[in-house]
Amino acid sequence: MVKKINLVFATLYSIILAIVEAILNWGDWQYAPLWIVDYIIVIILLSAVFVFKENTQRLMLLLGWAFSAGVMYMVLFINLEPIPTTIASPNVEGILPLVGLALIVSIVGVVLTIIDNKST
């Protein structure tokens with residue numbers, strides 16, 4: 001049951017992350033590493049769900065969730081850092097709750113993967 005929940009979480013999170021990233025950057029694809037990492041997360045998680053099976057699937061899920069948690073942690077605290085108002089992003093207030101939610105979902109994904117690994 002934990003594995004199915006984890007796979008559903010990974011699929012939904014990946015699809016939503018890809019859509020939100022495209023919406024946020026549409027028409028202004030800025031510095032590439034800032035958005036490419038999100039699509040790498042999507043590729044890792046979706047490949048874990050649909051391509052890999054058994055032990056490799058668990059490892060790929062753990063890799064994807066851990067990478068996502070690291071990226072979202074970095075994005076959250078970069079946006080919380082006090083910076084001059086001349087270079088502050090106008091969407092910081094709207095993006096921060098989404099990034100926080102993504103970080104929480106990523107941590108839940110890591111925990112689900114660890115629980116699933118211990119139960120088998």
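**Aromatic pairs and their surroundings**

W65 has 0% relative accessibility and so counts as buried, where buried means under 20% relative accessible area, exposed over 50% and partly exposed in between, with a 1.4 Å probe and protein chains only. This is a predicted model, in which local features need pLDDT of at least 70 and side-chain atom pairs count only at pLDDT 80 or more, while totals for chains, interfaces and linings use all residues. Residues are numbered from 1 along each chain as its sequence is written, and side-chain values use heavy atoms, with hydrogens and water left out.

A pair of aromatic rings is described by the distance of the centres and the angle of the planes. Rings of Phe, Tyr and Trp (its six-membered ring) pair if their centres lie within 6.5 Å; planes under 30 degrees apart count as stacked, over 60 as edge-to-face and the rest as tilted. By this rule there are 2 aromatic pairs. One of them joins Y13 and W65, whose ring centres are 5.3 Å apart with planes at 40°, so this pair is tilted. Because Y13 lies in helix 1 (residues 2–25) and W65 in helix 3 (residues 54–80), the pair ties together parts that are 52 residues apart in sequence. Helices here are DSSP runs (H or I, at least four residues), numbered from the N terminus. Y13, at 9% relative accessibility, is buried.

The rings of Y73 and F77 also form a tilted pair, with centres 4.8 Å apart and planes at 50°. Y73 and F77 are 4 residues apart in helix 3, about one helical turn. F77 is partly exposed, at 43% relative accessibility.

Helix 1 and helix 2 (residues 32–50) pack at about 155°, with their axes 9 Å apart; axes are lines fitted to C-alpha atoms, for helices over the stretch in contact, and angles run from 0 to 180 degrees between N-to-C directions. Helix 1 is therefore roughly antiparallel to helix 2, a term for angles over 145 degrees. The contact (heavy atoms within 4.5 Å) includes Y13, L17 and E21 of helix 1 and W35, D38 and Y39 of helix 2.

V111 is partly exposed, at 42% relative accessibility.

Key: Helices (H or I, at least four residues) and strands (E, at least two) are DSSP runs, numbered from the N terminus. Angles under 35 degrees count as roughly parallel, over 145 as roughly antiparallel, 65 to 115 as roughly perpendicular and the rest as oblique.
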